[in-house]
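Visitor: I have a model open and want to go through it with someone. Can we start from the top?

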Amino acid sequence: MRKILLFSIFSLFISEVSAQYNQGARLTAMGNASAAVFDTWSLNANPAGITGQKSPTAALNYARYLFGDELAEQSFAFVLPFNNNFAGVSINRYGISEFSEIKAGFGLAKKFGEELSIGVKANVHQIKITNYGNATTFSVDAGVNYALSKQIGLGLYVNNPSSQEYKSTNVETYIPTAVHFGATYIPSNKLIIATTISKDFERKFDVRVGADYKFHEILSFRGGMSAKPFKQYVGMGLNYQKLIMDVAVESHPQIGYSPQIGLSYAF
């Protein structure tokens with residue numbers, strides 16, 4: 001009975017939750033205002049954002065939804081910089097035992113001077129439903145970042161511009177086609193303020209804002225919110241030498257609180 005109830009709730013909200021694949025605990029805590037932010041998990045947002053990495057970095061992230069034992073998302077990302085080029089791979093698995101969605105991707109990005117970065121990522125999507133089989137499809141994400149100055153940056157990225165979709169499934173889900181435009185303001189080396197305006201072709205405009213404040217050399221506090229639906233986010237990060245631990249909590253008006261934790265290591 002419990003699994004039936006969980007699956008019913010999952011089916012109701014799957015298009016909401018899986019519409020944006022996990023962007024790691026740091027970007028989540030900033031309200032997913034990720035269009036112009038540089039991060040390892042930009043692989044799942046604006047692929048041009050991986051050009052901020054200084055050394056090879058591997059990251060793991062775990063998010064739990066509905067405070068259940070099963071509904072969760074596990075994610076892995078790795079970014080390798082070489083010269084002014086950057087390569088990255090990511091894998092996301094989201095779902096429960098009866099239903100799961102997997103997204104795996106390979107991204108490439110390049111810096112052109114200190115101002116311009118361009119990135120593209122190819123993705124494979126697979127959906128598995130117990131007793132109904134599997135479905136597979138492909139998509140592409142592309143993005144650009146541009147620094148107007150040392151304090152102000154702009155970002156633009158597009159998810160799935162060719163509107164790829166699953167041909168046949170028995171659960172209402174889709175791969176979003178969306179355009180995101182954002183900006184960052186960095187008044188000091190301790191504070192980042194970010195905003196992103198997103199338009200999913202199947203939804204209304206969404207506005208996201210967030211901030212990352214480095215309280216101490218090893219400690220950061222983060223917060224953010226989004227408009228459609230109205231959600232709040234909070235989190236923190238601990239940076240010890242090459243190891244970083246990030247935690248975040250998302251508050252959704254229907255789903256409730258969703259905690260997540262991430263670990264990354266810069267080689």
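Guide: What follows is a short walk through confidence, strands, cores and a few side chains.

Visitor: Fine. What is the average pLDDT of the protein chain?

Guide: This is a predicted model, and the protein chain averages a pLDDT of 88. A score of at least 70 is reached by 89% of the residues.

Visitor: And where does pLDDT stay under 50?

Guide: Over residues 1-9, for which the model has 15 contacts beyond four places in sequence. Residues 15-19 also have a pLDDT below 50, and that stretch has 17 contacts beyond near neighbours in sequence. Where pLDDT is low, the predicted coordinates should not be read in detail.

Visitor: Noted. How many helices and strands does the protein chain have?

Guide: The secondary structure comes to two helices and 14 strands. Of the 267 residues, 47% count as buried. Among contacts between residues at least 6 apart in sequence, 46% join residues at least 24 apart.

Visitor: Take S1. Which way does it run relative to S2, parallel or antiparallel?

Guide: Antiparallel: eight bridges join S1, residues 57-64, to S2, residues 72-82. Within that pairing, Asn61 stands opposite Ser75 of S2.

Visitor: How many bridges does S1 have with S14?

Guide: Seven, again in the antiparallel sense, with S14 covering residues 256-266. Leu60 has Leu263 in S14 as its bridge partner.

Visitor: Moving on to packing. Which residues have the most contacts inside the largest nonpolar core?

Guide: Val37, Trp41, Leu43, Ile50 and Ala194, in a core of 13 residues. Another core lies apart from it and has eleven residues, among them Tyr65, Leu71, Ala135 and Tyr166.

Visitor: Back to Leu43. What is it in contact with, leaving aside neighbours within four places in sequence?

Guide: The list for Leu43 is Ile50, Ala77, Phe78, Val79, Gly88, Val89, Ser90, Gly107 and Lys121. Ala77, Phe78 and Val79 in that list fall within the residue range of S2.

Visitor: Now Thr51. Where is it, and is it buried or exposed?

Guide: Thr51 is in the loop between helix H2, residues 24-29, and S1. Its relative accessible area is 4%, so Thr51 is buried, the cut-off being under 20%.

Visitor: How many aromatic pairs does a search of the whole structure find?

Guide: Three. One of them is Phe215 with Phe221: the ring centres are 5.7 Å apart and the planes are at 65°.

Visitor: Why is that pair called edge-to-face?

Guide: Because planes over 60 degrees apart count as edge-to-face, and these are at 65°. The rings of Tyr265 and Phe267 are also edge-to-face, with centres 5.1 Å apart and planes at 80°.

Visitor: How accessible are Phe221 and Tyr265?

Guide: Phe221 has 37% relative accessibility and counts as partly exposed. Tyr265 is partly exposed too, with a relative accessible area of 37%.

Note on methods. Residues numbered from 1 in each chain as written. Heavy atoms only, no water. Pairing = 2+ DSSP bridges. Helix = DSSP H or I, 4+ residues; strand = E, 2+ residues; numbered from the N terminus. pLDDT = per-residue confidence, 0-100. Contact = heavy atoms within 4.5 Å. Core = buried A, V, L, I, M, F, W, Y, C linked by side-chain atoms within 4.5 Å. Buried < 20%, exposed > 50% of the residue type's maximum accessible area, 1.4 Å probe, protein only. Phe/Tyr/Trp six-rings, centres within 6.5 Å; stacked < 30°, edge-to-face > 60°.
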